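Thanks for sending this one over. Here are my notes, point by point, to read alongside the model.

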Amino acid sequence: EEAADLRIQFQRIERLLEGLPGAPDLPIDVQAAILGVSPDRLAARLSTHAQQVSDAVHRVADSPLADVVREEYRGKTIVCFGDSITADRNSWAEVLMGVLAPEARVLNRGRSGDTTGDLLSRFASGVAGSGADVVITMAGTNDARRYGIHRDSSVQFGSLAISDGDTATNIVQLDKMIAGITGVPGIWLTPPPIDDARIRDHPSPRGAELVWRTEDLDRKVSIIRRTLPNRPTATADAFAAAG
């Protein structure tokens with residue numbers, strides 16, 4: 001059941017089928033079948049996630065900063081682009097959507113598993129046709145993904161999903177494409193920190209023979225910050241400030 005709940009939370013069927021006619025409007029029973037759960041379970045979990053997002057929105061919606069941001073982006077369309085951290089039904093993008101509504105239109109264009117290379121390949125279908133005035137991208141976590149063979153508490157590490165050089169190249173290209181459709185520089189968020197031990201021991205990456213390491217992710221964050229000087233917001237700093 002945990003694996004099924006994770007699929008519901010992070011897998012957005014409309015993103016997996018992006019570009020196919022009618023995909024965003026798939027009936028819930030079809031979505032449930034694709035996710036391998038019952039329609040009732042899917043509906044219940046979606047309701048739970050919606051309530052969690054609503055609770056988070058209420059905690060920040062009345063803050064002075066939220067008022068400033070709503071006024072800044074009044075009438076604009078904001079596209080949130082990224083991987084599962086964005087696609088997550090409890091994600092920062094979902095909370096932003098609630099906080100800025102109805103003054104701004106926020107679209108969640110996250111897709112689980114995406115690398116910066118994947119974001120490039122689906123930019124046309126995920127972003128270019130959305131009417132975006134602003135694009136906020138969080139990327140890099142899956143560039144740091146390695147294929148690893150888990151042996152009890154140890155891991156035999158394989159190669160990176162995306163090389164460091166390709167990460168830098170992809171970030172530059174994505175940033176140019178964002179500016180090309182919006183006329184303004186993109187907003188970038190670096191990946192949040194990870195807990196190596198929890199990732200190593202979690203059944204989901206173990207089953208897929210995947211692994212992430214802090215040293216790899218830190219290097220990707222450095223590449224993003226170096227590639228876009230003074231531009232990215234360091235998400236890890238927010239976690240550190242929160243203790």
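1. S112 is partly exposed, because its relative accessible area is 23% and the class runs between the cut-offs for buried (under 20%) and exposed (over 50%), taken with a 1.4 Å probe and protein chains only. S112 sits in the loop between β2 (105-110) and α8 (116-121). Here helices (H or I, at least four residues) and strands (E, at least two) are DSSP runs numbered from the N terminus. Leaving out residues up to four places away in sequence, S112 touches F10, Q11, D83, S84 and A87, where contact means heavy atoms within 4.5 Å.

2. Residues are numbered from 1 along each chain as its sequence is written, and side-chain values use heavy atoms, with hydrogens and water left out. The average pLDDT is 89, and 89% of the residues score at least 70; pLDDT is the predictor's confidence in each residue, from 0 to 100. Among the elements, β1 has the highest mean (98) and helix α12 (residues 203-208) the lowest (64). Where pLDDT is low, the predicted coordinates should not be read in detail.

3. For the overall picture, the protein has 14 helices and seven strands. Of its 243 residues, 44% are buried. Among contacts between residues at least 6 apart in sequence, 74% join residues at least 24 apart.

4. Which residues have the most contacts inside the largest nonpolar core? They are I78 and L100, in a core of 18 residues; such a core is a set of buried Ala, Val, Leu, Ile, Met, Phe, Trp, Tyr and Cys residues joined through side-chain atoms within 4.5 Å. Two or more residues each come from α4 (39-60), β1 (77-82), α7 (92-100) and β3 (134-138), and α7 gives the largest share, five residues. Beyond four places away in sequence, the residues that I78 touches include L100, V106, V134 and I136. A second, separate core of 15 residues includes L119, V127, L174 and I224.

5. Do look at Q52 in helix α4. The side chain of Q52 makes a polar contact with that of N90 at 2.8 Å (a pair of N or O atoms within 3.5 Å; within protein, one must be able to donate a hydrogen and the other to accept it, and residues adjacent in sequence count only if both atoms are side-chain atoms). Q52 is partly exposed, at 37% relative accessible area.

6. The whole structure holds 14 salt bridges, each a side-chain nitrogen of Lys or Arg within 4 Å of a carboxyl oxygen of Asp or Glu. E94 pairs with R12, with the closest N and O atoms 3.0 Å apart. This pair links helix α7 to the loop between α1 (2-10) and α2 (13-16), 82 residues apart. Both E94 and R12 are buried.

7. One network of salt bridges links R146, D164, R213, E215, D216, R219 and K220. Within it, D216 and R146 meet at 2.7 Å, N to O. D216 is buried at 0% relative accessible area, and R146 is buried at 12%. D164 and R219 come to 2.5 Å; D164 is partly exposed at 23%, as is R219 at 29%.

How values were computed: Predicted model: local features only at pLDDT ≥ 70, side-chain atom pairs only at ≥ 80, totals over all residues.
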